[in-house]
Amino acid sequence: MKRLQGLALVMLMILSAVMVSALDATNLRFDSVRVNGDFVNVVGTATPEVLAVEEGQTIEVRVGLVAVSGASNVEVEAKVGGFEYSK
Amino acid sequence: MDSTPLFDIAAGTTKYVTLNVNVPRQLDEDNYWLRVRVLDKNTPALELTVPLAVEPSRNGLSLADVSFSPGLSVKAGRSLLTTVLLENFGKRDQNDVKVTVSVPELGASVVEYVDVDASPDKVDYEDVPEMFLAIPATAQPGDYEVKVTAEFDHYDSTSKSFTLHVLPSDLFPVPGVGPAPEAKVVLAVGPESQNVAAGKTATYAVALSNEGSASKAFSVEAVTGDWATAKVSDSLVVLDAGKSKVVYVDVTAAKDAAPGEHMVSLTVKSGDDVLATETLTATVLGTPAGPAGVGLRNGLEIALIILVVLLVIIGLIIGFSRMKKDNGEGQTYY
């Protein structure tokens with residue numbers, strides 16, 4: 001049993017190392033998010049907001065990105081999914 | 001969905017990007033997530049989520065489909081048949097929706113009013129009665145914007161634009177554009193056959209009518225053999241469409257022209273194209289004129305007249321002589 005726990009710990013450490021490496025590689029984080037000109041609290045913040053929107057409406061999303069040590073060939077996409085014909 | 005092109009971010013800087021996401025009309029009245037992802041070549045995506053509560057539109061109308069017949073190429077002077085399908089995706093009925101099809105540059109438009117009910121199944125469709133948009137016959141060939149607009153709920157409207165290609169009109173051809181109008185000329189000659197004495201001139205009147213659809217220049221030529229010479233009063237005639245003009249062809253028979261029937265060939269051309277030909281006939285009379293211009297017949301007639309006059313004079317002389325003689329003999333008896 002102890003041996004199994006030790007193996008799991010090692011696996012966790014390797015996974016963490018990979019994730020840290022990935023974050024180091026992108027070096028990116030969201031600085032700010034605005035929807036239709038207003039700052040919003042997204043999921044993951046203390047008080048996430050639910051935005052009421054009408055179907056057919058167009059939402060303008062403006063995000064600020066920070067790269068601590070720079071990043072290249074970056075792209076940003078925004079999408080609503082989970083409905084018929086969403087592809 | 002929307003996405004940005006690739007870009008770089010320098011160390012220690014902040015870059016802002018803007019995306020426009022359409023909330024699809026196919027969504028149910030429910031909660032959805034708007035997901036924003038940052039991607040690069042080979043590292044895990046960075047993602048944030050904005051929860052959305054989707055509500056149906058109060059007044060929602062769109063142009064679901066627009067079709068044109070015979071298509072988006074039409075000749076000037078013809079009509080463009082437009083069929084519009086409206087989609088009501090809102091919660092409320094839409095009454096008196098004003099649907100306009102217009103070509104603003106040509107000042108042409110057509111309007112229809114239609115009611116579009118809301119459907120409990122979320123979306124309802126309504127066909128707008130077919131609309132005929134007359135393209136002016138004088139419209140210049142080229143590309144024009146066709147705008148289809150639906151105005152509803154007093155303030156809202158939705159529209160789509162298309163490009164219409166206008167072709168040259170059959171009635172008002174534009175010089176240098178489209179096929180060249182066909183040249184057509186009609187000839188009328190009166191009379192086609194004439195008698196002419198050797199050395200004399202016969203005149204033929206030829207009426208030219210431009211039956212084509214455009215103004216044209218016509219050249220008129222008359223060809224004879226050695227027996228005569230021909231001269232045309234107007235060898236070059238310019239006629240507007242539907243107009244006519246008479247030209248005269250003078251055919252002068254040679255003094256030594258052989259008696260009998262001779263032909264004159266009349267040709268009407270437009271550029272190098274022969275449009276019409278006509279054959280004129282001239283009959284040269286049998287007795288050529290004498291050197292003094294007096295024929296044998298005329299000479300005999302004159303001689304006969306002179307003879308008659310001489311006979312009359314002789315008769316008068318004889319008559320007067322006898323009367324004198326009779327008067328002298330009567331005095332002797334007394």
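Reader: Before we look around, what is a salt bridge here, and which residue does A:Glu77 form one with?

Author: A salt bridge is a side-chain nitrogen of Lys or Arg within 4 Å of a carboxyl oxygen of Asp or Glu. This is a predicted model, where local features need pLDDT of at least 70, side-chain atom pairs count only at pLDDT 80 or more, and totals for chains, interfaces and linings use all residues. Residues are numbered from 1 along each chain as its sequence is written, and side-chain values use heavy atoms, with hydrogens and water left out. With the closest N and O atoms 3.0 Å apart, the salt bridge partner of A:Glu77 is B:Arg37.

Reader: How many salt bridges does the rule find across the interface of chain A and chain B?

Author: The A:Glu77 and B:Arg37 pair is a salt bridge. Across the interface of chain A and chain B, the rule finds one.

Reader: Is B:Leu6 buried or exposed?

Author: Buried means under 20% relative accessible area, exposed over 50%, and partly exposed in between (1.4 Å probe, protein chains only). B:Leu6 touches A:Asn73, A:Val74 and A:Glu75, not counting residues up to four places away in sequence. Still, its relative accessible area is 54%, so B:Leu6 is exposed.

Reader: How far apart in space are B:Leu6 and B:Leu39?

Author: In sequence, B:Leu6 and B:Leu39 are 33 residues apart. C-alpha to C-alpha, the distance in space is 9.4 Å.

Key: Chains are lettered from A and ligands numbered from 1 in the order in which they are written. Contact means heavy atoms within 4.5 Å.
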